[in-house]
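Here are some notes to read alongside the structure. Please keep the model open while going through the points.

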Amino acid sequence: MTNINVCNKCDLIVEHVLLEKNKHAHCPRCNSLLYTNTLFSISTILALSITGLILVVIANVFPMFTITMLGVEEAATLIQGAWVLFEKKFYFVGLLVIFCSFVAPFLFLSCLAQVCILLLTKRNTPQLVLLLKLVNFFTEWSMLEVYLVSFLIAVFKLSDIADIEFQLGLLSFVSLMFISSLIMYGLNLELFWQKMEKNAKR
Amino acid sequence: MQNAKDNQIARCQECSLLISVELEVKRQRCPRCFTRVHFRIPRSIQKTWAYLITAAFMMIPANFLPISTLTSTGTATPDTIMSGTIALAKSDNLGIAIIIFVASILVPLFKIIGLMLILLSIQNKIFIPPKRKLLLFNAIHWIGKWSIMDLFVISIMVAVINRGNLLSVDPGYGATCFGLVVVLTILAAESFDTRLIWDLNHKNERK
């Protein structure tokens, strides 16, 4: 089944054609993207995900902004919002916020980095399949770009009653968002699965 | 135009490997990632309906219970999604009011009604052209995560505005219900199998 392909949106069988670099193949029936040749190699993905992991640390250690309200200055970090929700016993909302804004993007990057390292060092451990499935799952639930827009809205609302100064945490959060969007744009897990099969045969 | 299902070819849900399914083998697993192989997501339509109906019911408390409470010099004013938006619009933040209104009221409604229309049309109750159905689904899928925005805003406001009786923001139970709406609509979109749109069409063609 190497010379055929199947559209995963409408199940049409199509002929598999080799593409030139930066070309895309679309389904003739439903016009969905079938496959593309704009791919990042495994080592590029590894480099990007390690960069992302470093940015995750910086974004969480340093405050996003400092706020001066009623004469008191205070610093706010990324996970503080979810933490306060926990303290006020809103566990479900707190869990949802922390999962979508921190846990999912962080685990996405760390699973991806582990997968890349395992594949590049040609070690096929049983965890590899699980890790690849997790990468799939966490891409759905990582909502960094939504968080950034929400953050801007919150800052806009707050600017009426308080003075706000942006800090290093925000800069690294924005860079983290760009890095993770870049990874999601160039990530093709098929390449990873094929590499895994190839390693297993050796 | 040939469907893969009619040629006994299935695509693995997890690793998207193409697998030729042998009819006599029950419960076949993917040779690459060991996931169960199905032609379509099992019970996709029922699952999507279930999530959608629950989400539609949760929309009611999500919109009528207060989503946050602002305490300012001792007086507490609870805000629902709608009253919060109106307050924003009145205080010259029209742009933000529109963003919040679209993200937390229009988008969930659009997702629930849109998916219901797609399901009804698959069950032959109404007619929508297949390409338009897919377009609608793609829009729903893409816009899905943006409706969580209001919860993120509340979490930031709650964390930062915390001066006790002088000035503070507390979350309300509307936020929990709204969070459920967001999660349920995302799960509904996840459990829907777009290939069903063409299955129906295919059957009609052969008749």
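**Notes on two chains and one helix pair**

1. In chain B, I81(B), T85(B), L88(B) and A89(B) of helix 2 meet L94(B), I96(B), A97(B), I100(B), F101(B), S104(B) and I105(B) of helix 3, where two residues are in contact if their C-beta atoms, placed from the backbone, lie within 7 Å. Helices (H or I, at least four residues) are DSSP runs, numbered from the N terminus.

2. This is a predicted model, in which local features need pLDDT of at least 70 and side-chain atom pairs count only at pLDDT 80 or more, while totals for chains, interfaces and linings use all residues. Residues are numbered from 1 along each chain as its sequence is written, and chains are lettered from A in the order in which they are written.

3. Helix 2 (residues 81-90) and helix 3 (residues 94-122) of chain B pack at about 160°, with axes 8 Å apart, the axes being lines fitted to C-alpha atoms over the stretch in contact, and angles running from 0 to 180 degrees between N-to-C directions. The two helices of chain B, helix 2 and helix 3, are therefore roughly antiparallel, a term for angles over 145 degrees.

4. The domain assignment divides chain A into domain 1 (1-38) and domain 2 (39-201), bounds that come from an automatic or database assignment. The centres of these domains of chain A, taken over C-alpha atoms, are 31 Å apart.

5. For chain B, the assignment gives domain 1 (1-39) and domain 2 (43-206), and 34 Å separate their C-alpha centres.

6. Between the chains, 43 residues from chain A and 47 residues from chain B take part in the contact. Helix 5 of chain A supplies ten residues, the largest share of the side of chain A that touches chain B.

Key
Angles under 35 degrees count as roughly parallel, over 145 as roughly antiparallel, 65 to 115 as roughly perpendicular and the rest as oblique.
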